[in-house]
Amino acid sequence: MAKCGSAKDAVVIGTDGLDALIKLLAKDGYDVIGPRVESGAVVLEPVDGVDDLPAGWADEQDGGHYRLTKIDSPAIFEHVVGPHTWKRYLSPPAQTILRARKRGKGFSVEEVVDAPKYALLGVRACDLKAISLQDRVFDNGDFVDKGYFARRNKAFVIAVNCTRAAGTCFCVSMNSGPEASCGFDLGLTEILTKTKHVFLLAAGSERGRKAIAELKKKKQVKAAAAADRAAAAKAVDAAAKSMKRKMRKDAARLLAANREHPRWEEVATRCLSCANCTMVCPTCFCSTVEDVTDLKGKTAERVRRWDSCFTHDFSYIHGGTVRRLRSSRYRHWITHKLSTWHDQFQTQGCVGCGRCITWCPVGIDITEEVRELGKRRT
Ligand code: SF4
Ligand code: SF4
């Protein structure tokens with residue numbers, strides 16, 4: 001697992017160096033996944049080089065609102081987080097976990113562990129924290145999700161420190177950004193001034209140090225000057241200071257104390273139960289399993305799929321749905337995220353990425369809902 005990196009040992013690379021890094025990782029057998037523009041959003045998909053990255057694009061985000069705008073700048077990481085999260089690769093939306101084949105009168109059954117070797121390029125601090133939370137979910141000490149850890153342990157993580165905050169970000173108040181200090185192999189900060197466009201690059205693991213050594217051999221690395229480190233720190237600090245939303249520090253207590261609050265009925269009049277918030281959330285992990293057989297009855301597969309606590313089916317048990325009302329489903333989701341996760345995983349389940357606010361079609365805002373609970377007591 002990657003360890004913490006330090007800006008004091010950092011080097012500097014240019015856009016050619018970033019391109020060389022992507023190609024180096026591909027040559028080492030990694031499927032490099034990074035941000036690229038598709039269907040009007042920055043999504044996380046395979047990238048072959050620096051030309052695939054979203055240079056000159058910035059995102060505009062607010063409750064129920066996302067727009068990409070072209071900017072007059074070569075900046076590659078001016079966008080913040082989009083609708084995709086890294087769980088798409090580490091815990092995919094559909095994964096075959098068992099396969100059975102007819103053998104004579106019986107079946108042979110094999111466990112399936114599909115583990116491509118991914119290099120994740122552009123992991124923001126909040127998403128890095130989300131990955132560490134999913135590590136805890138998928139290994140609770142008694143049970144380990146083999147597929148998740150097979151992918152996770154192979155993954156090469158390149159973090160990117162945010163130099164701009166989106167309108168829905170609130171990672172500062174969740175202690176999870178905008179700077180990534182641990183849990184990556186390489187950490188990047190984009191530095192863009194009138195005279196230069198470079199990336200401060202720090203190693204956070206032995207694998208990261210080896211990658212930098214390879215880039216040095218290709219003459220893509222320069223020593224970082226004190227001015228580079230200062231410019232990077234200033235840009236990250238400005239992103240932190242510009243964040244407009246924040247979560248109340250006493251969210252866990254407020255939610256535990258307000259299970260019958262009238263706000264649950266109010267939010268239910270707006271919530272569509274569409275499950276968008278859970279699909280885009282980097283920490284949500286609910287799943288269901290489906291068994292699928294071929295028409296000849298020769299093979300069968302067990303497929304695990306993402307599911308959501310916003311559906312009726314999710315809480316269906318022998319003859320009835322436990323959480324029939326939208327109010328109880330919303331209450332369950334937010335209470336789990338911010339309060340009962342502490343009992344279950346000894347941490348909060350939200351990293352302040354803001355995706356659930358941006359991608360909620362009616363703009364329900366998790367920070368506002370908690371604030372409202374704090375205003376009025378039942
Ligand atoms: S609950 Fe919302 S803000 Fe928190 S991690 Fe999930 S998507 Fe991000
Ligand atoms: S809170 Fe918003 S995104 Fe989540 S289920 Fe309700 S309407 Fe959909």
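Q: Why are helices α8 and α10 called roughly perpendicular to each other?
A: Their axes (lines fitted to C-alpha atoms over the stretch in contact, angles from 0 to 180 degrees between N-to-C directions) cross at roughly 105° and come within 8 Å. The roughly perpendicular class spans 65 to 115 degrees; under 35 is roughly parallel, over 145 roughly antiparallel, the rest oblique. So α8 and α10 are roughly perpendicular. This is a predicted model: local features need pLDDT of at least 70, side-chain atom pairs 80 or more, and totals for chains, interfaces and linings use all residues. Residues are numbered from 1 along each chain, with chains lettered from A and ligands numbered from 1 in written order.

Q: What makes helix α8 run over residues 263-270 and α10 over 326-345?
A: Helices are DSSP runs (H or I, at least four residues; strands are E, at least two), numbered from the N terminus. Those two ranges are the helices α8 and α10.

Q: Which residues of α8 meet α10?
A: Trp 264, Glu 265, Val 267 and Ala 268 meet Arg 326, Ser 327, Tyr 330 and Arg 331 (contact: C-beta atoms, placed from the backbone, within 7 Å). By class, four are nonpolar, one polar and three charged.

Q: Why are α1 and α5 called oblique?
A: Helix α1 (residues 15-27) and helix α5 (residues 206-217) pack at about 120°, axes 10 Å apart. α1 and α5 are therefore oblique to each other. Gly 17, Ala 20, Leu 21 and Leu 24 of α1 meet Ala 211, Glu 214 and Leu 215 of α5. That contact has five nonpolar, one polar and one charged residues.

Q: How many residues surround ligand 1?
A: 13 do, and the closest are Cys 281, Cys 350, Cys 353, Arg 355 and Cys 356. Eight of the shell residues are nonpolar, three polar and two charged.

Q: How do you know where the domains lie?
A: The bounds come from an automatic or database domain assignment. It gives domain 1 (7-94 + 115-241) and domain 2 (251-288 + 307-375). Their C-alpha centres lie 28 Å apart.

Note on methods:
Contact = placed C-beta atoms within 7 Å. Nonpolar A, V, L, I, M, F, W, Y, C, P; charged D, E, K, R; others polar. Near = placed C-beta within 6 Å.
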